[in-house]
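Could you walk me through this structure, stop by stop? I have it open in my viewer and would like to know what to select next.

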There are 2 protein chains.
Amino acid sequence: VSGPDYHLEVYRKAKAGHRPSLTRLISTLEAGRPGLSGVLGAIHADAGRAHLVGLTGAPGSGKSSLVAALARQLRKRGRTVAIVAVDPSSALTGGALLGDRIRMDEHTLDQGVLVRSMSSRGSLGGLARATTDVVAVLDAAGWDYVFIETVGVGQAEVDIMRLADTVAVVSVPGLGDDIQAIKAGLLEIADIHVVNKSDLPGAQRTASELLGMLMMANAREGAWPVPVLSTDALAPGGIAELVDAFDDHRRWQEASGEGLARRRRRAAERIRVLARDRLMERLQDPSTSAAFDGLVDRVVDRSMSPHDAVDALFEAFTRPESLAGRK
Amino acid sequence: VSGPDYHLEVYRKAKAGHRPSLTRLISTLEAGRPGLSGVLGAIHADAGRAHLVGLTGAPGSGKSSLVAALARQLRKRGRTVAIVAVDPSSALTGGALLGDRIRMDEHTLDQGVLVRSMSSRGSLGGLARATTDVVAVLDAAGWDYVFIETVGVGQAEVDIMRLADTVAVVSVPGLGDDIQAIKAGLLEIADIHVVNKSDLPGAQRTASELLGMLMMANAREGAWPVPVLSTDALAPGGIAELVDAFDDHRRWQEASGEGLARRRRRAAERIRVLARDRLMERLQDPSTSAAFDGLVDRVVDRSMSPHDAVDALFEAFTRPESLAGRK
């Protein structure tokens, strides 16, 4: 029992609230097996209602406890919360976010919270693709909030944050100068700054530094005024205010047109990435791979440059008979 | 005075041994300006004679001193050496390998040694592309050995190492357990293992562990027997043996056919990357961008899935009139 119809049936059950079907579909999408474009099309048609909130920041900034506190707050308000914890560094180490799963145990009996850790045993590109699909199915299946939590501060994290409607960058006092450089890289993607562990010494200075950087960044007229909020996940202080800020940001996005602009950028990027994947598939397709191998031979014997080989390939896409003639 | 003919003229002078022209051309290729496919074609036709040697390993393993010692040894043998030091982490930090430049100062008056540090202010993909082009021009301009030195141990470093004919992975005793995980990731790309700082305590154990891992890796029949060599860049010990190992590996590659297989893999990967870049350019081309924007709109309003949008795009590449009809 497999194939496209099977996946659509699992998706139908997942939408109806059957948790094992949702979990199974997530695993299928994460693995990225072939034959999923039908169910991904159905998911795409249904998605677009959830508020996708990205949370990123340096290791040690207490993101996981913060996310747990946010989930508790949203449950109090009667909203459902799915949490996708992504660890791009696991592409190298193979590690998973077991710690996060364990810390979230208090929620495992609550049907209104779902936690999923995603690690990558393959490429970073594969992880971004899998995260996109998993977030989409959670959105389509009716979760009110989908949190996308990343560990670390590299380019991969920035790319994954671009999936979100609202990006919160979490800082923490006393992590030293390295963090300042990181903040500069993350500054442009932050919709909300959070100073977590606000009970630690130096929290006020960290908040002031962030405000100073935001003032220097010289936001254009009419832009969202990025707030700097302080939280203490253990107390818990500032959590309700942070949830309110998520909602404020979303309302502002819809009123200002920035929400639509962001969705267009996201769709364009999605099409580009899928087009790139499709091109790579085509180059491995039996019908073109013989011609491709012929071009590789000519590049290796240096009778043709790689750039000219690409010219020949693209000509072949337009006029499939041209490559045969060239051989 | 610019344009394709200008670049070809600079390249002609660089080949004739004019160092300022070579330096200028390297900067041009590093920046990746448009209009370079002519000179890149000429470079490709001339390249393929240098021995490209990759050196990688964890920070602190003494790679830079080792490369300096190798350059001295090769100069004694009358060979010329170009060194390209690549720092993928600079894509985030913007840093450059100034330290390496300074340590190599002893060579700056020797016309038989060239040192170039490459950092990336843009994407990692851009850095890999720039490194490929810079290594190619050094090869084409007649350098006997081109060393490609990377700092760090991530996927980006592994990708850059794939440019090399011979990859040496540098380990050092006493860097702790983290290094063991790293070695596992680098194990499959190592043609030669080097235990540097062999005067440190634990050097013998590090070498034994590497030999143990190699035995467990169960090399297939007829494969290159990966050696584990010990060096002490300051003494200097083992440097001549390491240079001999580079040469042994190259001779074995040519005799076994593995050299040709590696060149084919490298050419195929190069064509794939350039094809991907070309596709991205096409999507930004004015003639297709209006149609592309139309597809983005339909994905945003969820009347079309991203996968179906890609189908439409590829159909348009084959039959350019089809997109116009769809709008």
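Start by selecting B:Glu269 and B:Arg272, whose side chains meet in a salt bridge at 3.3 Å, N to O. A salt bridge here is a side-chain nitrogen of Lys or Arg within 4 Å of a carboxyl oxygen of Asp or Glu. Because they are three residues apart in helix H12 (residues 258-284) of chain B, B:Glu269 and B:Arg272 are separated by about one helical turn. Helices (H or I, at least four residues) and strands (E, at least two) are DSSP runs, numbered from the N terminus. B:Glu269 is partly exposed, at a relative accessible area of 39%. For that label, buried means under 20% relative accessible area, exposed over 50%, and partly exposed in between (1.4 Å probe, protein chains only).

A word on what is on your screen: this is a predicted model, in which local features need pLDDT of at least 70 and side-chain atom pairs count only at pLDDT 80 or more, while totals for chains, interfaces and linings use all residues. Residues are numbered from 1 along each chain as its sequence is written, chains are lettered from A and ligands numbered from 1 in the order in which they are written, and side-chain values use heavy atoms, with hydrogens and water left out.

Over all chains, the rule counts 32 salt bridges. For one of them, select A:Asp165 and A:Arg266, where the N to O distance is 3.2 Å. This pair links distant parts of the chain, 101 residues apart: A:Asp165 sits in the loop between helix H8 (155-161) and strand S5 (166-171) of chain A, and A:Arg266 in helix H12 of chain A. Are A:Asp165 and A:Arg266 buried or exposed? Both are buried.

Next, show A:Arg129, A:Asp133 and A:Arg270 together: salt bridges that share partners join them into one network.

**Where the chains meet**

Now colour the two chains separately. How many residues of chain B are in contact with chain A? There are 47, and they touch 46 residues of chain A. Contact means heavy atoms within 4.5 Å. The area buried between the two chains is about 4,500 Å², and carbon and sulfur atoms give 71% of that. Buried area is the accessible area (1.4 Å probe) that two parts lose on being put together, summed over both.

Four salt bridges are found across this interface. Zoom in on A:Arg278 and B:Asp311, which form a salt bridge with their closest N and O atoms 2.5 Å apart. A:Arg278 lies in helix H12 of chain A and B:Asp311 in helix H14 (residues 306-318) of chain B, so the pair joins two chains. A:Arg278 counts as partly exposed at 21% relative accessibility, and B:Asp311 does too at 38%.

Two packed helices are described by the angle between their axes and the distance between the axes. Axes are lines fitted to C-alpha atoms, for helices over the stretch in contact, and angles run from 0 to 180 degrees between N-to-C directions.

Select H4 (residues 63-76) and H11 (residues 239-256) of chain B: their axes come within 9 Å and cross at roughly 80 degrees. H4(B) and H11(B) are therefore roughly perpendicular to each other. Angles under 35 degrees count as roughly parallel, over 145 as roughly antiparallel, 65 to 115 as roughly perpendicular and the rest as oblique. Among the residues making the contact are B:Leu66 and B:Leu70 of H4(B), and B:Val243 and B:Phe246 of H11(B). The contact residues divide into nine nonpolar, one polar and no charged. Ala, Val, Leu, Ile, Met, Phe, Trp, Tyr, Cys and Pro count as nonpolar, Asp, Glu, Lys and Arg as charged, and the others, Gly among them, as polar.

Over in chain A, the axes of H12 (residues 258-284) and H13 (residues 286-300) come within 5 Å and cross at roughly 75 degrees. The contact includes A:Arg282 of H12(A) and A:Phe292 of H13(A), and its residues divide into three nonpolar, three polar and one charged.

**Last stops**

Select A:Arg302, which has a positive phi of about 65 degrees although it is not a glycine. A:Arg302 lies in the loop between H13 and helix H14 (306-318) of chain A.

Finish with B:Thr132 in helix H7 (residues 124-140) of chain B. B:Thr132 is buried, at a relative accessible area of 16%.
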